[in-house]
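Me: I have a model open and would like to go through it piece by piece. Could you take my questions as they come?
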Amino acid sequence: MTEQRCTIPEVGENREDLLRRMESFRAGDVRWREGRVFSLVYQYSPEHTDFLKQAHNLFFSENGLNPTAFRSLLRMERETIEMAADLFHGDEQVAGCVTSGGTESLLLVVLNYRNRMRKRRPWIRRPEIVAPESVHVAVMKACEYFDVRPRLAPCGKDFRADPAAMERAINRNTIGIIVSAPCYPYGTLDPVAEIAAIAERRGIPCHVDACLGGFFLPWLPHAGREIPPFDFRVKGVSSISADLHKYAYAAKGASILLYRNRALLRHQVFAEVNWCGGAYGGLTLAGTRPGGPIAAAWAALRAVGKQGYIENAKKVMTIADRFRQGVASIPGLQVLGEPVMGVMAIGSNEPGLSIYAVADQMEKQGWHIDRLQRPEAIHLILNPGHEAIADAWLEDLRKAVETVRARPELAGEGSAPLYGLMARMPVRGIVRSNLENLLLDLYAPGHKEDAESADSPEPGSDLPGIVRAWFRWRARRAAGRKQHD
Ligand SMILES: *Cc1c(COP(=O)(O)O)cnc(C)c1O
């Protein structure tokens, strides 16, 4: 961060110079082009990336906010929905929208099912979502934003959702059930059919979060790997989210959210007719919607095509096999559960061998390593670009394990897993306020908070003492509940 606060320059700067400067800003970024990163960037091929940029640029200025002004975007969004609905074996009743990413898809589905149950079961005052603990954290974000309580059921020993535990978590407040295909942490596929059947029996909608696998799993049977149905073929599945900007190899800012029928989509619609600015409405969170990601998503599906995705799936699975075999050949390490695609978690099965210390050693070799907690593990998301580095990575992993085994004191120095955040924190004692402060320090460094906002929320100091005390008691109780969930 600069000491001096940045201001808009008096006179506009030279555009060529600016581009050069921006290029130089990247010097400290992770080297994804060299296959040093295992998440955050999904690349099909450098040529495809160039094509995506062209498609994106064609609709750089267009705005999806008004679909009648830009019929082009509406057309591409609808065709993208149709292509995805077909891929997930939906019929012509399937309806949905393109969103800005998996998080927005999950925010919307939680909002939708909450709104839906408000209409259908208005006596529910504390709505709850039931999901396995391996469900993506965006579900927790959605619950926090929309005042829904997440009820997370423990996974089985196989690192998949446990149908019995899920069923036990259902109660009269349940507004929806979410499972993953596959889950982000372990790459394991939840037993979708069993859990969807429970949901159907209880009259609760079941969402399949296929953000990671939606555009990968369907190709596996064509690559000689069977996989149980997870999509609209399964009765009881009411909606599916799938990220276009992951294994569909679209540009960032594109995911899809599909419902089995239009009636299910309805409760996600915002429509206001009394605003002084005129009638206004939409299906997604954003107002202004950039055209680029929609255009690039449409273009990606059409440019790669079924054969391209199948070939890619074969390639990624071959790479995944190499990583799994390589890990299996290193004593002290194991892959957790049975991952179904190129996503896996690697843990230690040797007492005293700290996988975080191993990860630190890998980082010293210039690898960017994602970490999981519960259980502690290294996380991999594989793409075609990782073919070239597989052997080097595994060799470094073997050496890292040997180093850590020889120097157990390294275990105490390991850093903590912060998915989506590249900062390092001491392993122990990450509490919510640490993370809150870390985020605020990143975006608002050196800013002061006044005493009121720094404190836990103290509602209206002008209220009578007894009312304030009641609010304090309620806030403490809510905080306690959150920690114990
Ligand atoms: C990536 C992912 C998400 C969140 O998607 P974003 O595009 O990062 O917002 C949700 N669920 C799963 C299973 C994911 O892999």
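Me: Which elements do the buried residues of α11 pack against?
Reply: The buried residues of α11 pack against α9 (291-328), β10 (333-335), β11 (343-348), α10 (355-364) and β13 (377-381), where contact means heavy atoms within 4.5 Å. Helices (H or I, at least four residues) and strands (E, at least two) are DSSP runs, numbered from the N terminus. This is a predicted model, in which local features need pLDDT of at least 70 and side-chain atom pairs count only at pLDDT 80 or more, while totals for chains, interfaces and linings use all residues. Residues are numbered from 1 along each chain as its sequence is written, and side-chain values use heavy atoms, with hydrogens and water left out.

Me: Which residues of α11 are the buried ones?
Reply: They are Ala390, Trp393, Leu394, Asp396, Leu397, Ala400, Val401 and Val404; buried means under 20% relative accessible area, exposed over 50%, and partly exposed in between, with a 1.4 Å probe and protein chains only.

Me: How far does α11 reach from its first C-alpha to its last?
Reply: Helix α11, residues 390-406, has 17 residues and reaches 24 Å, close to the 24 Å expected at 1.5 Å a residue. The expected span of a helix is 1.5 Å times one less than its number of residues.

Me: Switching to the ligand, which residues are around it?
Reply: The residues around the ligand are Gly101, Gly102, Thr103, Leu106, His136, Tyr184, Asp209, Cys211, Leu212, Asp243, His245 and Lys246, where a residue is near a molecule if one of its heavy atoms lies within 4 Å of it.

Me: Which element gives the largest share of that shell?
Reply: Helix α4 (residues 102-120) does, with 3 residues. Because 15 of the 19 residues of α4 are buried, this helix is largely enclosed by the rest of the structure. Its end C-alpha atoms are 27 Å apart, which agrees with the 27 Å that 19 residues should span at 1.5 Å a residue.

Me: What is the distance from the ligand nitrogen to the side chain of Asp209?
Reply: A nitrogen atom of the ligand is 2.7 Å from an N or O atom in the side chain of Asp209. On the oxygen side, an oxygen atom of the ligand is 3.2 Å from an N or O atom in the side chain of Asp243, and a polar side-chain atom of Lys246 lies 2.9 Å from an oxygen atom of the ligand. Taken alone the ligand exposes 380 Å², and the protein buries 88% of that; these accessible areas come from the Shrake-Rupley method with a 1.4 Å probe, and for residues only the protein chains shown count as cover.

Me: Is Ser241 buried or exposed?
Reply: Ser241, found in strand β6 (residues 237-243), counts as buried at 0% relative accessibility.

Me: What about Arg371, buried or exposed?
Reply: Arg371 lies in strand β12 (residues 370-372) and counts as buried at 6% relative accessibility. A polar contact of 2.6 Å joins the side chains of Arg371 and Asp360, and the backbone oxygen of Ile369 lies 3.0 Å from a polar atom of the side chain of Arg371.

Me: Now the backbone: what kind of peptide bond runs from Arg374 to Pro375?
Reply: The bond is cis, with omega near -15 degrees, and Pro375 is in the loop between β12 and β13. Another cis peptide bond joins Ala181 and Pro182, with omega about -10 degrees. Most residues other than glycine have a negative phi, and most peptide bonds are trans.

Me: What is the phi of Arg374?
Reply: Arg374 has a positive phi of about 50 degrees although it is not a glycine, and Arg374 is exposed, with a relative accessible area of 64%.

Conventions
Polar contact = N/O pair within 3.5 Å; in protein donor to acceptor, adjacent residues only side chain to side chain.
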